[in-house]
Amino acid sequence: WIADLEMEGDLDRGLRFAFQVENELWVANVRRDDPRAPGYRMRVRTASGELIERPVRPSRAFRGTIEGRPDVAVVGGIVEDGILAMVALDDCASDGFFLQPASASSDAVATEPPGTRHLVHRPSTVEAFGACATDPRTTDFMRRVGEVVPDGRLRIAELGVDVDRAFLAAHGSPEAVEDHVLAILALVNLQYERQVDVTHRVTD
């Protein structure tokens, strides 16, 4: 369904955005999250093949919860047209809602002011395969995959992300691409942290 997000604040002091869920107003409170590794670099290849390093900006990824529902996690990021986020209702982070700018999914609403009109949908609307590691049916399998992280600590997997020119052209700038990558990684991290005690950090 389509929802108009009402946003106020900022990621450093606290950003709030509200949206309708089945005739009920849900309010998310989020703060800045940075899934980048120390020493992170963003580089762009020129037409001549030279790699030019771009200034590192503050991350626009975020984490938080829903007001009155502290067990409901909200992760994602601010992108050029609004909010890209997941609202996770369960420990597996497989049930809940996804929010994305409606301008990215429908030409009919592309003229709306950026940052307001959003598409809200459930994961069940997208076909998926596999099982959550917190599912009792997969618990034994996960024990065999490797040792459980001691004392609840997270293992860190470092990633390098390479984006092609088509993706860059679709989003308009290296900075807009970075915002999308970090927002998506924030979604992925919540799922990996809850299911297999792994988090990811982008190095380059």
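Which helices and strands each supply at least two residues of the lining of the second largest pocket?

Mentor: This is a predicted model, in which local features need pLDDT of at least 70 and side-chain atom pairs count only at pLDDT 80 or more, while totals for chains, interfaces and linings use all residues. Residues are numbered from 1 along each chain as its sequence is written, and side-chain values use heavy atoms, without hydrogens or water.

Three elements each give at least two residues to the lining: β5 (42-45), α2 (165-171) and α3 (174-196). (Helices are DSSP runs of H or I with at least four residues, strands runs of E with at least two, numbered from the N terminus.) The second largest pocket has a volume of about 550 Å³, the space filled by probe spheres set on its grid points. Of its 20 lining residues, R43, V44, V161, D162 and V163 are the closest to the centre. (A pocket is an open set of points on a 1 Å grid where a 1.4 Å probe fits, with protein on both sides within 12 Å along at least five of seven lines; lining residues have an atom within 4 Å of a point.)

By class, the lining holds 12 nonpolar and 8 charged residues, and no polar ones. Asp, Glu, Lys and Arg count as charged.

The element that gives the most to this lining is α3, with 5 residues. Helix α3 has 23 residues and reaches 31 Å from its first C-alpha to its last, close to the 33 Å expected at 1.5 Å a residue; that expected span is 1.5 Å times one less than the number of residues. Just after α3, D197 takes a positive phi of about 55°.
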